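Here are a few notes to go with your first look at this one. Have the model open as you read, and take the points in order.

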Amino acid sequence: MPSYRRHTDTWTAPEARADARGTAAQPVVAIHLPVTYTAFCLQHHHAYLRYAVHRLGEGQAARACVEGALGELVTMWPTVMGSARPAAVAWQVLRTWVAAGKEAEAVPAQPASLSALQQDTVVLRHDVGLPEAQIASVMGLDEGTVTSHLRYAARLRRRTGAVARATPGEVAETSPAASGSPSRGLSHGSSASLR
């Protein structure tokens, strides 16, 4: 099984051993990941994991969703980097993976008039505890947009008395594709659909 060397940009396959006939083993395969991808993962992994844990509960399901989302991102990294907002594309992939793995505990619902991105900003601010600037960076939004989402949610909460939380089912509007990859079929080049 390939292993990732933490804090490097290399995936390495285990060394093959010579067979019983003495046939030479194939050389070790090392795949060098783009430095920008490695930096992106180091910058966002912790926030992604905290979000997934909040949505799915503590444990393997949250880790698997984050690993799956980051694994999918590396396969389309040139497309992600070519988009207007790479972090927004990555956030959409993560949201889709989390929605696909949402067998965990339910949390109280937010008003239906909040979009999925508005709900995510509320979760990241009030439940995960990230500052607005970091939320903007993680979600690929302008800081003003994050502030606007939070203010709208607060006004709505005061008006309706609703609890500021989202249900796991409202995390993503995209259903998993039959290919086994939850975000296949997303329009990666269109940042307008991610706002």
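Predicted model: local features only at pLDDT ≥ 70, side-chain atom pairs only at ≥ 80, totals over all residues.

1. Next, the layout. You'll find seven helices and three strands, and going from the N terminus the order is β-β-β-α-α-α-α-α-α-α. Taking contacts between residues at least 6 apart in sequence, 68% join residues at least 24 apart.

2. Now the inside. The largest nonpolar core has 42 residues, and Tyr48, Leu73, Trp91, Leu94 and Leu124 are those with the most contacts inside it. Which elements give two or more residues to this core? They are H1, H2 (60-75), H3, H4 (86-100), H5, H6 (132-139) and H7 (143-160). As background, nonpolar side chains in soluble globular proteins tend to be buried together.

3. Leu73 deserves a click. Setting aside neighbours within four places in sequence, Leu73 is in contact with Tyr37, Phe40, Val80, Ala90 and Val93. Two of those, Tyr37 and Phe40, also belong to an aromatic cluster with Tyr48, Tyr51, Trp77 and Trp91.

4. On to the rings, where the count comes to five aromatic pairs. One of them is Tyr37 with Trp77: the ring centres are 5.3 Å apart and the planes sit at 80°, so this pair is edge-to-face. Since Tyr37 is in helix H1 (residues 35-56) and Trp77 in helix H3 (residues 77-82), the pair ties together parts 40 residues apart in sequence. Are these two buried or exposed? Tyr37 has 8% relative accessibility and counts as buried, and Trp77 is buried too, at 4%.

5. Phe40 and Tyr48 make another pair. Their ring centres are 6.4 Å apart with planes at 70°, so they are edge-to-face. Phe40 counts as buried at 9% relative accessibility, while Tyr48 is buried with a relative accessible area of 0%. Tyr48 is also among the residues with the most contacts inside the largest nonpolar core.

6. Last, have a look at Gln118, which is placed in helix H5 (residues 116-127). Why does Gln118 count as buried? Its relative accessibility is 12%, and the cut-off for buried is under 20%, so it qualifies. Leaving out neighbours within four places in sequence, Gln118 is in contact with Ser113, His149 and Tyr152.

Notes
Residues numbered from 1 in each chain as written. Heavy atoms only, no water. Helix = DSSP H or I, 4+ residues; strand = E, 2+ residues; numbered from the N terminus. Buried < 20%, exposed > 50% of the residue type's maximum accessible area, 1.4 Å probe, protein only. Contact = heavy atoms within 4.5 Å. Phe/Tyr/Trp six-rings, centres within 6.5 Å; stacked < 30°, edge-to-face > 60°. Core = buried A, V, L, I, M, F, W, Y, C linked by side-chain atoms within 4.5 Å.
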